[in-house]
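Please read the points below alongside the coordinates. They cover the overall fold, the last helix, the salt bridges and a surface patch.

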Amino acid sequence: MTDPRPVRRDEAAELAAALGVPSWQPPRVRPLDRRVAVDRDSVERGLGSLVLTIIELLRQLMERQALRRVEVGDLTDEQIERMGATLMALEEQMTLLREHFGLSPEDLNLDLGPLGPLLPTD
């Protein structure tokens, strides 16, 4: 009587044998916690850094837009005062949050490789 289960081919082992690598073994997968340092503090700091980077990017974009609108003369004096106060308060809160997570402004500026840094350094 024959075995009804299909024979599974190990193509990687067959290729290794054809290339003359007789003792090839598939790589052993280790649990995530052995490959990556996963502790509460590093996860919290990493997540905080990511969120603060996004907020900082949006803050800088809002600031540039506000400056453009001021230069065009699109805002009243009262709107300019309110916008300035709001942007200053947001920057102050960002400073407090960076301190809470132990981050510097440079920590929020992701390196995008050939594209350069995420945030302008002006």
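1. Accessible areas come from the Shrake-Rupley method with a 1.4 Å probe, and for residues only the protein chains shown count as cover. On that basis the accessible surface of the protein chain comes to about 10,300 Å², and carbon and sulfur atoms hold 58% of it.

2. This is a predicted model, in which local features need pLDDT of at least 70 and side-chain atom pairs count only at pLDDT 80 or more, while totals for chains, interfaces and linings use all residues. Residues are numbered from 1 along each chain as its sequence is written, and side-chain values use heavy atoms, with hydrogens and water left out.

3. The protein chain has four helices and zero strands, in the order α-α-α-α along the sequence. Helices (H or I, at least four residues) and strands (E, at least two) are DSSP runs, numbered from the N terminus. Of the 122 residues, 14% count as buried; buried means under 20% relative accessible area, exposed over 50%, and partly exposed in between (1.4 Å probe, protein chains only). Among contacts (heavy atoms within 4.5 Å) between residues at least 6 apart in sequence, 59% join residues at least 24 apart.

4. Helix α4 covers residues 77–101, which makes 25 residues. From first C-alpha to last it reaches 36 Å, close to the 36 Å expected at 1.5 Å a residue; the expected span is 1.5 Å times one less than the number of residues. The buried residues of α4 are L87, M94 and R98, and they pack against α3 (40–72). After α4 comes G102, with a positive phi near 70 degrees.

5. How many salt bridges does a search of the whole structure find? The search finds four, a salt bridge being a side-chain nitrogen of Lys or Arg within 4 Å of a carboxyl oxygen of Asp or Glu. One of them joins the side chains of R45 and D107, at 3.6 Å from N to O. Because R45 lies in helix α3 and D107 in the segment after α4, this pair ties together parts that are 62 residues apart in sequence. R45 is partly exposed at 37% relative accessible area, and D107 is also partly exposed, at 35%.

6. The R59–E56 pair has an N to O distance of 2.8 Å, and its two residues are three apart in the helix, about one turn. For E63 and R59 the closest N and O atoms are 3.0 Å apart; these residues are four apart in α3, again about one helical turn. An α-helix has 3.6 residues a turn, so residues three or four places apart point the same way. R59 is buried at 7% relative accessible area, E56 is buried as well, and E63 is partly exposed at 30%.

7. A nonpolar surface patch of about 610 Å² is made by L47, L50, V51, I54, I55, L58 and L61. Patches are made of residues with over 30% relative accessible area and no salt bridge; like charges are joined within 9 Å and nonpolar side chains (Val, Leu, Ile, Met, Phe, Trp, Tyr) within 5 Å. L47 is in helix α3 and counts as exposed at 52%. I54, in helix α3 too, is partly exposed at 47%. I54 and L119 are 65 residues apart in sequence, with their C-alpha atoms 9.9 Å apart in space.
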